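Please look through the sequence and the model shown below before reading on.

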Amino acid sequence: MSGTPPEGDVQRHLVRMPKPPQLTPLNVEEQRLYSKLLQGGSGLHPMSVMQVFDFNRFHKHNIIGELRLQLCNVDWNHVIEEWRDLAEPAKFEEENLGEICFSMRYVPSAGKLTVVILEARNLKSMDVGGSSDPYVKVQLALDKRKWKKKKTCIKKKTLNPYYNESFVFDVSFDQIQRVNLVISVWDHDAVTRNDAIGKIFLGCDAAGNQLRHWADMLSNPRRPVAQWHSLLSSQQINSSLTLKKKIPLASKLPL
Ligand SMILES: [Ca+2]
Ligand SMILES: [Ca+2]
């Protein structure tokens, strides 16, 4: 793929091959989570994405098409050689929205989940002047229904806010298996509606880095586990995790 193209060869294609899947569970809890994902029990499957680009030396390569392969449908016992049609590329372009660092700690005996929002960096600027006024929403969903919500204070005019704010939720051992934790970063605006900067979610339905962090927390009870995460767009998260109406407070339930 390197070297000078022969004359008349106007289109050079750069094929990015995916790395083989890294499914080497560390312990029983992770094994359970990964096999749940592979069985498709969560509705989200690990996927391999192969993309074909038109090579441009001086600006961004143009994507021609892509092939998405559900890894749970692949027979790993045989070498597979086959032709497939390329599809239209997915609509979500990867955009750098920033990163967030937080720790999670679960104490099964007390039924307490503690989330400490530590800091964020390289957040996208959402205000004129190239800055943002970021705050973080910490939301819990139970059985995909909105459940509990808390938020940090607002840090004015910064793209690298430091919070170190702790939030404690009552989550029983039975509930922790059915919970998703949604972390979203927002730019506060005094007059107009606040702007969404980015979002991620963790829990048994999550994938990749987020699932890893959640599994690390579950397999290290009583110990805080901190990790950095790259933020994704709200649309991207909402398309993978659709939350239903809020669970009414116990006091508002009909008797
Ligand atoms: Ca704004
Ligand atoms: Ca603002």
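Within strand 10, Gly203 is the bridge partner of Asn180, and eight bridges in total join strand 9 to strand 10, the two running antiparallel. This is a predicted model, in which local features need pLDDT of at least 70 and side-chain atom pairs count only at pLDDT 80 or more, while totals for chains, interfaces and linings use all residues. Residues are numbered from 1 along each chain as its sequence is written, and chains are lettered from A and ligands numbered from 1 in the order in which they are written.

**The chain as a whole**
- The secondary structure comes to four helices and 11 strands, where helices (H or I, at least four residues) and strands (E, at least two) are DSSP runs numbered from the N terminus.
- The chain has 255 residues, of which 22% count as buried; a residue is buried if 20 or more other C-beta atoms lie within 10 Å of its own, exposed if 12 or fewer, and partly exposed in between, with C-beta atoms placed from the backbone.
- Of the contacts between residues at least 6 apart in sequence, 61% join residues at least 24 apart, a contact being two residues whose C-beta atoms, placed from the backbone, lie within 7 Å.

- Four strands make an open sheet in the order 7-6-9-10 with antiparallel pairing, and two strands count as paired if DSSP finds at least two bridges between them.
- Strand 7 (145-151) and strand 10 (195-203) are at the edges and have a single partner strand each, so one side of each is left without a neighbour in the sheet.
- From one strand to the next, the twist averages 20°, with axes being lines fitted to C-alpha atoms, for helices over the stretch in contact, and angles running from 0 to 180 degrees between N-to-C directions.
- Strand 6 (residues 134-142) is joined to strand 9 (residues 179-187) by nine bridges, and Lys137 has Ser184 in strand 9 as its bridge partner.
- Strand 6 and strand 7 form a hairpin with two residues between them, and Asp143 in the turn has a positive phi of about 50°.
- Strand 10 is mostly covered, as seven of its nine residues are buried.

- Seven bridges join strand 5 (residues 112-121) to strand 8, and Ile117 has Glu165 in strand 8 as its bridge partner.
- The buried residues of helix 3 (residues 208-219) include Leu211, Trp214 and Leu218.

**The nonpolar core**
- The largest nonpolar core has 36 residues, and Val115, Leu181, Ile183, Val185, Ile197, Phe201 and Trp214 touch the most other members; such a core is a set of buried Ala, Val, Leu, Ile, Met, Phe, Trp, Tyr and Cys residues joined through C-beta atoms within 7 Å.
- Strand 9 gives the largest share of this core, six residues.
- Leaving aside residues up to four places away in sequence, Ile197 touches 
Val185, Trp186 and Leu231, among others.

Definitions and conventions
The expected span of a helix is 1.5 Å times one less than its number of residues.
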